[in-house]
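Colleague: I have just opened this one and would like a slow walk through it. Could you take me around?

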Amino acid sequence: MKPENQELRVIDTAHLIGEVEDFRNKGYRLVNVSCTRAGEEFEISYSFELDLRFENIRIIIPPDADIPSISGIYWGAFIYENEMHDLFGVHVRGMNIDFKGNLIRTTVPYPFRNTSFKGEGPCQDR
Amino acid sequence: MSRQIVMPFGPQHPVLPEPIHLDLVLEDETVVDVIPSIGYVHRGLETLVEKRQFPEYVYIAERTCGICSFIHGMTYCQGVERVMGLEVPERAHYLRTIWSEYSRLHSHLLWLGLFADGMGFENLFMNAWKHREFVLDVMEETTGGRVIQGSCKVGGVRRDIDQETLKKMERDLKGFEKGLKEMANVFLNDDSIASRLRGVGVLSRNDAYVCGAVGPTGRGSGVPIDIRMTGYAAYGEVDFSPVVEEDGDCYARCAVRVNELFSSIEIIRQLIDRIPGGEIEVKVKGNPDGEYFSRSEQPRGELVHYVKGNGTKYLARSRIRTPTLTNIPPLVKMLQGCELADVPVIVLSIDPCIGCMER
Amino acid sequence: MTFLKKSPWLLHYDASSCNGCDIEVLACLTPLYDVERFGIINTGNPKHADVFVVTGGVNEQNREVIRNIYEQIPEPKVVVAVGICATSGGIFRECYNMSGGIDQLIPVDVYVPGCAARPESIIDGIVKSLEILEEKRIQMKERARQIKQGRSPGGGER
């Protein structure tokens, strides 16, 4: 097994669009946009790939902040951004196709923000 | 200019066993726009990561999708192993690779059958599923499960395959391949299939790249993305090249999958020839602390399992980015401007796996 | 099954299943298991169906869809819950978006456990459901006869 090198840079939200445009111009492909709750903040990671080189950039935002959409640069990014909005409640400005919270319809609004379960306690504690 | 009407497609639709809902905006018989809406199968299984310990979450990861379940489990395990710095024995890597190639065979045959059914070619559907039973028998013999195997775990694999069974598997591949060749001939050279598929749902190379198409959907449009080339598990030790077609229509995507069947068989042969002896698992000590994007090539395309540990038994986050989710924007592009009668075939041609997509 | 006079058709709906059970339900129809030799056909139209096969548990989104399909199937009808998720919610029972098994929503006649349920046990379950279907048919006939004779059907409507 060959381990893969994965670069990760944390950048400022204001530089996001510029950085993503750089990746686009170099010919990178958008692999993934993922959101993670880290304490009180959200980490949003954008992953790109070119010729099997895998690179990530990350922005860290407070929960009520809004972020610019990258769907103007990568057309297909709307699916990740809408998903992020529906599950985490991250507001994304200027998506090319905005489902307004109707892509994944859930019972609880923004379920991944504060996760809840049916039933109490761990399932099995060894 | 004629009037526009909105026609619903799904969620329960004869062509797809799974629920997906599309609102098709029609102008006469032509589709001008498509609005997908999902959530019929959404379970929210990523949240269970806070409820199950990391070795147990493998079972949840495997049940993201029943069709490519082994590869889900394996990708998750690879992520956790990388975070924990575990060195998995070579033999375990080989066994994992053999099982994931059998999964690919089973998934592609399943898709070819459903695709033939979608075109109304019932006979071919039955034929593809007859061949698929051979793969499921091998799975059952070696892992104990037909569609959900449960043979992968953090640190290695649960079961070994003895030398005799490996030899038998290799012998049986010959007859299997012969049957597949006959079937492939129909898919690739039959006139009625070609006229149903050629020029339908064209996705240009540039669109495929900008929309982020992966797997056979991307490779059918000439984008040679195959994560197996990174050499995860034992893929670094076998010789193969990604199957790529240039046309970008439904026929090209079908041809990619048909040809991948034979490439998978070739990979399995090489693996069985070269498999080393030794242990099949290592002992897991401690808890994961750190993060990793674990990537692999599923039958439908690139799969990303993001795992983040915080030093406890419970992971902080698992994010599963499945290929079908990524292939939805290309699907929207393909459907714009097609005929209403072609919609089922085009939707099927990306090999949608809704269970995966909505998690 | 010798008593069976008609060929039962089934309608399969994937509630929030992982596909494992779905492909096993489909595998029942294909050459190795081939339930078509018993006259069982998988149909896409609820109006044609007698047996409603559901895989996966109910989530909040497909509640209405399942109820809608169930109501469209003409009487007599039987419901078969295939797989452990359809029976109780299974491995996903704690997820926020799941409400549990199919019996939370519609009456279930036969439960087929397993993850994923094997084709053999699915066929067993469906054969069992056919006995129940035949019983329901006889009961329906009886009720119709009583109404014809001017007597009110005893026991109330189901």
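Colleague: What is the handedness of the crossing of α3(B) and α9(B)?

Modeller: Bearing in mind that this is a predicted model, the crossing of α3(B) and α9(B) is left-handed. Helix α3 covers residues 90-119 of chain B and helix α9 covers residues 250-274 of chain B, and the two pack with their axes 9 Å apart at an angle of about 155°. That angle makes α3(B) roughly antiparallel to α9(B).

Colleague: And which classes of residue are in the contact of α3(B) with α9(B)?

Modeller: That contact has 17 nonpolar residues, together with three polar and five charged ones.

Colleague: What about α2(B) and α3(B), at what angle do they cross?

Modeller: Helix α2, residues 69-84 of chain B, crosses α3(B) at roughly 145°, and the axes come within 9 Å. The crossing in which α2(B) passes α3(B) is left-handed.

Colleague: Which residues meet there, on α2(B) and on α3(B)?

Modeller: From α2(B) there are B:Phe70, B:Ile71, B:Met74, B:Cys77, B:Gln78 and B:Glu81, and they meet B:Arg96, B:Trp99, B:Ser100, B:Ser103 and B:Arg104 in α3(B). By class, the residues of this contact divide into five nonpolar, three polar and three charged.

Colleague: Let's change topic to the interfaces. How much area do chain A and chain B bury between them?

Modeller: Chain A and chain B bury about 4,400 Å² between them, with 53% of it on carbon and sulfur atoms. In terms of residues, 53 of chain A are in contact with 52 of chain B.

Colleague: Why quote an area for an interface at all?

Modeller: Because the accessible area lost when the parts come together is often used to give the size of an interface.

Colleague: Fine, and how many salt bridges are there between chain A and chain B?

Modeller: The count between chain A and chain B is five salt bridges. In one salt bridge, the side chains of A:Arg29 and B:Glu302 meet at 3.3 Å, N to O.

Colleague: How many residues does the contact take from chain B and from chain C?

Modeller: That contact takes 40 residues from chain B and 39 residues from chain C. Chain B and chain C bury about 3,200 Å² between them, and 63% of that is on carbon and sulfur atoms. Two salt bridges are found across the interface of chain B and chain C. B:Arg146 forms a salt bridge with C:Glu24, and the closest N and O atoms of that pair are 2.8 Å apart.

Colleague: And how many salt bridges over all chains?

Modeller: The count comes to 37 salt bridges over all chains. Another pairing is that of B:Asp342 with B:Arg196, whose side chains meet in a salt bridge at 2.9 Å, N to O. This pair links distant parts of the chain, 146 residues apart, since B:Asp342 is in the loop between α10 (323-335) and α11 (343-349) of chain B, while B:Arg196 is in helix α6 (residues 191-197) of chain B.

Colleague: Last topic, the backbone. Where does C:Pro76 lie?

Modeller: C:Pro76 lies in the loop between α2 (63-72) and β5 (78-82) of chain C, and the peptide bond from C:Glu75 to C:Pro76 is cis, with omega near -10°. A cis peptide bond also joins C:Cys115 and C:Ala116, with omega about -10°; C:Ala116 is in the loop between β7 (110-112) and α4 (119-148) of chain C.

Colleague: What is phi of A:Asp51?

Modeller: Phi of A:Asp51 is near 45°, which is a positive value in a residue other than glycine. A:Asp51 is placed in the loop between β3 (41-50) and β4 (53-61) of chain A.

Methods. Residues numbered from 1 in each chain as written. Chains lettered and ligands numbered in written order. Predicted model: local features only at pLDDT ≥ 70, side-chain atom pairs only at ≥ 80, totals over all residues. Heavy atoms only, no water. Axes fitted to C-alpha atoms, helices over the stretch in contact; angles between N-to-C directions. Helix = DSSP H or I, 4+ residues; strand = E, 2+ residues; numbered from the N terminus. Parallel < 35°, antiparallel > 145°, perpendicular 65-115°, else oblique. Left-handed = near helix turned anticlockwise from the far one by under 90°. Nonpolar A, V, L, I, M, F, W, Y, C, P; charged D, E, K, R; others polar. Contact = heavy atoms within 4.5 Å. Buried area = accessible area lost by both parts, 1.4 Å probe. Salt bridge = Lys/Arg side-chain N within 4 Å of Asp/Glu carboxyl O.
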